[in-house]
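This briefing goes through one protein model by topic, from backbone geometry to packing, charge pairs and open space. Please read it beside the sequence and the coordinates.

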Amino acid sequence: GYVVAGFAERRARMLAATESLAAELGGHAVLDDELLDEVTALVEWPVAVAGRFEPHFLELPREVLVSTLQSHQRYFPVEDAAGALVDRFVTISNLESRDPAQVVSGNERVVRPRLADAAFFWNSDRRTPLAERCEALKDVVFQRQLGSVYDKSARVAALAGEIATGLGEDAALATRAATLAKCDLLTDMVGEFPDLQGVMGRYYAAHDGEPAEVATAIEEQYLPRYAGDRLPATGTGRALAVAEKLDTLAGIFGIGQRPSGTRDPFGLRRSALGVLRILIEDRLDLDLEALLRSAAGRIPGVEDPAGLGSSLFDYMMDRLRAYYVEGAGEIQASVEVFESVLEKRPVSPLDFHRRVEAVRRFVALPAAESLAAANKRVANILRQAGLTDMPVTDPEQLVEAEERTLYEQVVRLDEEVRPLLAAREYQAALERLSTLREPVDAFFDGVMVMAEDEDLRRNRLALLAQMRGLFLHTADLSRLGG
């Protein structure tokens, strides 16, 4: 016998042989990294072998064929130049056979019953519309304290309709998609291939004559399935995906089973990050905290939906921190930048994202370090002054040239940035405010804030509060710079 001892070398050799043989068949192999690793671990001397199955099985959905060949048989499907599957596959033998035809025949003989079963499920399942399976979901337990899958579907349908309305989408489509979303769990195909849940729902809904967006949304409810996975592409799919994940989060938190350490049996971290990715990367401007309260209000036994919603929002902000700091999204931001925005607690993740983008760009400006230090200094001064009722700045009491100049700049910039902030153009607003660097530095160099005269002191504190308020519309810049 022969042995290739090194895993990496064995994997590379197997991959090259698979791709070479698929090319000889006139196509290329459909590869999966996890399957490559699994097969590499199973063989010592990989030898690629080609097999064939009956062409009529190509009438099955692509995902069914791929799942049958990969998951059940550990075969590599083959597709043509156009990306369509062909009636060939590549499998890996653990030896150089003296009679390769017998190896091929054996593999072909094994795969036929698998494909025949899949074809039977495909034809049988389509005889019963998804809608007729809804009632049977009452007998499928989602979680003992949270009821059946039917109960969950009803909660998600109500929330999906609410979200769709907020997005300007068709609430009826979202409600319909949510009602049918879990029905494919009761089909024979999903029973045999659990990884096809949602996918088969899409096929069966289309066969039943459901609207195309409803069918697509049934698959999209599970997106994103993992880090870096694609997001829902339809409005109905987005509404359903967000609703499904928020219901799970609210339900599991509502019964006191939030994740601890590495234990997360319901995938709440993945659900939370999935919602955040959809809202941010698909540019959906929704009030997340309000949606969490709405989801919490539908969970049985929850006495304080507002409190639960607030707790869930904090949990999701922890996930959002990781999203930025670890660079899992479109941009990477420091903890300080994130915390400066979190201090304002924007309820829309998309709004949060725009603020993070603006502060990231602001810290790269020459004036940023000085203005961040000034904001920190002003925050400390105002805190130590302890004024509960901050007066309005009185320009008549500004006696020093530096404080008059700062006041004039603050008034001018207030008029300029207010419409920018209203339009959430935070970056443009902070760029304008960066021009305050010189007058702020001059103020601190030439003016005694804590003057002995009480009126002067209160007026200078009011001016500083007014200046700081311009920055606080976007983020708390005093959190920058350590």
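Arginine 345 sits in the loop that runs between α14 (335-342) and α15 (349-362). Its phi is positive, about 50 degrees, although arginine 345 is not a glycine. With a relative accessible area of 31%, arginine 345 is partly exposed. The model is a predicted one.

**Other backbone features**

- Arginine 74 is also a residue other than glycine with a positive phi, in this case near 60 degrees.
- The loop between α3 and β3 (76-79) holds arginine 74, and the residue counts as partly exposed because its relative accessibility is 36%, between the limits of 20% and 50%.
- Glycine 209 follows α8 and has a positive phi near 90 degrees.
- A cis peptide bond joins leucine 223 to proline 224, with omega near -10 degrees.
- Proline 224 belongs to the loop between α9 and α10.

**Helix α8 and its cover**

- Helix α8 spans residues 199-207, and its buried residues are Val199, Met200, Gly201, Tyr204 and Ala205.
- The cover over these buried residues includes α3, α4 (100-125), α7 (188-192) and α9 (212-220).

**Nonpolar cores**

- The largest nonpolar core has 128 residues, and those touching the most other members are Leu246, Leu288, Met316, Tyr324 and Leu436.
- Helix α10 gives the most to this core, with 10 residues.
- Leucine 246, when residues up to four places away in sequence are not counted, touches Leu159, Val275, Leu288, Leu291, Leu292, Ala295 and Met316.
- Another core lies apart from the largest one; it has 13 residues, including Met14, Ala22, Leu36 and Val43.

**Threonine 248**

- Threonine 248 is placed in helix α10.
- Is threonine 248 buried or exposed? Its relative accessible area is 7%, which is under the 20% limit, so threonine 248 counts as buried.
- With neighbours within four places in sequence left aside, threonine 248 contacts Phe142, Lys152, Phe266 and Leu268.

**Salt bridges**

- How many salt bridges does a search of the whole structure find? The search finds 37.
- Side chains of opposite charge can pair when their charged atoms come close.
- Aspartate 247 and lysine 152 form a salt bridge in which the closest N and O atoms are 2.7 Å apart.
- This pair joins distant parts of the chain, since aspartate 247 is in helix α10 and lysine 152 is in helix α5, 95 residues apart.
- Aspartate 247 and lysine 152 are both buried.
- Lysine 152 is also among the residues in contact with threonine 248.
- A network of salt bridges links Lys152, Arg155, Lys182, Glu244 and Asp247.
- Arginine 298 pairs with glutamate 162 in a salt bridge, where the closest N and O atoms are 3.5 Å apart.
- Here too the pair links distant parts of the chain: arginine 298 is in the loop between α12 (288-296) and α13 (305-325), and glutamate 162 is in helix α5, 136 residues apart.
- Arginine 298 counts as partly exposed, at 30% relative accessibility, and glutamate 162 counts as partly exposed at 31%.
- Aspartate 264 and arginine 269 meet through their side chains in a salt bridge, at 3.7 Å from N to O.
- Arginine 269 counts as partly exposed because its relative accessibility, 24%, falls between 20% and 50%.

**The largest pocket**

- Rolling a probe the size of a water molecule over the atoms shows where empty space is left.
- The volume of the largest pocket is about 1,100 Å³.
- Its lining consists of 36 residues, and those nearest the centre of the pocket are Pro194, Asp195, Gln197, Tyr222 and Arg225.
- Two or more lining residues each come from α2 (33-42), α3 (62-72), α5 (149-167), α10 (235-254) and α11 (268-281).
- Which element gives the most to the lining of the largest pocket? Helix α3 does, with 6 residues.
- Sorted by class, the lining has 15 charged, 14 nonpolar and 7 polar residues.

How values were computed:
Residues are numbered from 1 along each chain as its sequence is written. This is a predicted model: local features need pLDDT of at least 70, side-chain atom pairs count only at pLDDT 80 or more; totals for chains, interfaces and linings use all residues. Side-chain values use heavy atoms; hydrogens and water are left out. On a 1 Å grid over the protein atoms alone, a cavity is a set of points where a 1.4 Å probe fits but cannot get out, and a pocket is an open set with protein on both sides within 12 Å along at least five of seven lines; lining residues have an atom within 4 Å of a point. Grid points are joined across faces, edges and corners, and a volume is the space filled by probe spheres set on the points. Helices (H or I, at least four residues) and strands (E, at least two) are DSSP runs, numbered from the N terminus. Ala, Val, Leu, Ile, Met, Phe, Trp, Tyr, Cys and Pro count as nonpolar, Asp, Glu, Lys and Arg as charged, and the others, Gly among them, as polar. Buried means under 20% relative accessible area, exposed over 50%, partly exposed in between (1.4 Å probe, protein chains only). Contact means heavy atoms within 4.5 Å. A nonpolar core is a set of buried Ala, Val, Leu, Ile, Met, Phe, Trp, Tyr and Cys residues joined through side-chain atoms within 4.5 Å. A salt bridge is a side-chain nitrogen of Lys or Arg within 4 Å of a carboxyl oxygen of Asp or Glu.
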